[in-house]
Every structure is written in structure tokens, then in C-alpha cells.
Amino acid sequence: QVQIVESGGGLVQPGGSLRLSCAVSGTILGIYVMAWYRQAPGEQREWVATITPDGIPAYKASVKGRFTISRDNTKNTMYLQMSSLKVEDTAAYYCNSLSEHFSWGQGTQVTVSS
């Protein structure tokens with residue numbers, strides 16, 4: 001059974017940084033195109049970034065240049081380095097395959113506030 005555990009969220013001031021982690025167990029992460037998603041209160045879950053098995057990234061326009069997605073297939077873990085955070089980045093962040101193949105994890109809350 002595949003399990004996803006997101007971590008690394010927290011409260012940060014505008015302009016700050018956070019690094020999120022996505023640990024996957026029960027499957028081989030390296031064969032999947034993986035993605036980060038986020039959901040703000042009252043909003044639909046939205047795609048944030050994608051990374052292919054060989055490390056090619058793609059980003060939502062509003063986070064490009066501020067967020068960096070990466071993965072370590074040997075650790076079955078994916079990361080999202082977030083810098084220059086804005087209030088509008090506040091959301092619960094989730095990871096999954098790009099096809100949303102796995103059951104969703106609990107997510108990790110990111111709150112950007114002064």
C-alpha cells in the first residue's frame with residue numbers, strides 16, 4: 001500500500017523560505033512523474049510544480065523563479081524549496097503523481113504572514 005507523508009510546512013514571514021519534503025513508501029518513486037499541489041481555504045486544489053523521473057521540472061507561472069522542485073529517487077523522496085514566499089502562497093501543500101495516482105496524504109500547512 002502506497003503511503004505519502006508531506007512535511008516541512010510552518011509559519012513564515014513574507015519573503016521567507018521553507019523546504020517541503022514528500023516521503024513515499026510502498027512503491028518505487030523513480031518511475032513516476034511527481035507533482036506538488038496546494039489548496040488554499042475555500043479554493044480548489046491546484047497544481048504547483050512537476051518533476052519527471054530524470055529531474056526535468058515545470059512550474060506554475062506564479063511560483064516560477066521562487067520555488068524549486070527536486071527529487072532523490074534513492075530516498076523515495078521529493079522536495080519543494082520555496083523562497084521569497086508571499087501571503088498568497090498560504091495553503092496546504094500536497095504531493096502526488098502527476099496523474100494523482102496515489103491516495104492523498106495529510107498535506108503540510110504553509111502559512112505566510114507578518
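User: Among contacts between residues at least 6 apart in sequence, what share joins residues at least 24 apart?
Analyst: This is a predicted model: local features need pLDDT of at least 70, side-chain atom pairs count only at pLDDT 80 or more, and totals for chains, interfaces and linings use all residues. Residues are numbered from 1 along each chain as its sequence is written; side-chain values use heavy atoms, with hydrogens and water left out. Contact here means heavy atoms within 4.5 Å. For contacts between residues at least 6 apart, the share that joins residues at least 24 apart is 53%.

User: Which pattern does the protein follow, read along the sequence?
Analyst: Elements are DSSP runs numbered from the N terminus: helices are H or I with at least four residues, strands are E with at least two. By that rule the protein has zero helices and ten strands. Along the sequence, the pattern is β-β-β-β-β-β-β-β-β-β.

User: What radius of gyration does the protein have?
Analyst: The radius is taken over C-alpha atoms, and the globule rule is 2.2 Å times the number of residues to the power 0.38. For 114 residues, that puts a compact globule near 13 Å. The C-alpha atoms fill a box of roughly 40 × 25 × 20 Å along the principal axes. The protein agrees with the globule value, at 13 Å.

User: What percentage of the 114 residues do buried residues make up?
Analyst: Buried means under 20% relative accessible area, exposed over 50%, and partly exposed in between, with a 1.4 Å probe and protein chains only. Of the 114 residues, the buried share is 42%.

User: Which residues touch the most other members of the largest nonpolar core?
Analyst: A nonpolar core is a set of buried Ala, Val, Leu, Ile, Met, Phe, Trp, Tyr and Cys residues joined through side-chain atoms within 4.5 Å. The largest one has 27 residues. Those touching the most other members are Trp36, Leu80, Met82 and Tyr93.

User: Is the disulfide of Cys22 and Cys95 right-handed or left-handed?
Analyst: A disulfide is a pair of cysteine sulfur atoms within 2.5 Å. The structure holds one, joining Cys22 to Cys95 with S to S at 2.0 Å. Cys22 lies in strand 3 and Cys95 in strand 9, 73 residues apart, and both are buried. The torsion about the S-S bond is about 75 degrees, so the disulfide is right-handed.

User: Which residues does Trp104 touch, not counting residues up to four places away in sequence?
Analyst: Trp104 sits in the loop between strand 9 (91-97) and strand 10 (108-112). Trp104 is partly exposed because its relative accessibility is 28%. Trp104 and Gln3 are 101 residues apart in sequence, yet 8.4 Å apart in space, C-alpha to C-alpha. Leaving out residues up to four places away, Trp104 touches Tyr37, Arg45, Tyr94, Cys95 and Asn96.

User: How far apart are N and O in the salt bridge of Arg38 and Glu46?
Analyst: Side chains of opposite charge can pair when their charged atoms come close. A salt bridge is a side-chain nitrogen of Lys or Arg within 4 Å of a carboxyl oxygen of Asp or Glu. Arg38 is buried at 6% relative accessible area, whereas Glu46 is partly exposed at 27%. Their N to O distance is 2.7 Å.

User: Which residue in the loop between strand 6 and strand 7 is linked with Glu46?
Analyst: Glu46 belongs to strand 5, and its partner is 14 residues apart from it in that loop. The salt bridge spans 3.3 Å, N to O.

User: Which residue forms a salt bridge with Arg66?
Analyst: Arg66 is buried, with 11% relative accessible area. Its partner is in the loop between strand 8 and strand 9, 23 residues apart. The closest N and O atoms are 2.7 Å apart. The partner, buried at 0% relative accessibility, is Asp89.

User: Which residues are linked in a network of salt bridges?
Analyst: The structure holds four salt bridges. The linked residues are Arg38, Glu46, Lys60, Arg66 and Asp89.
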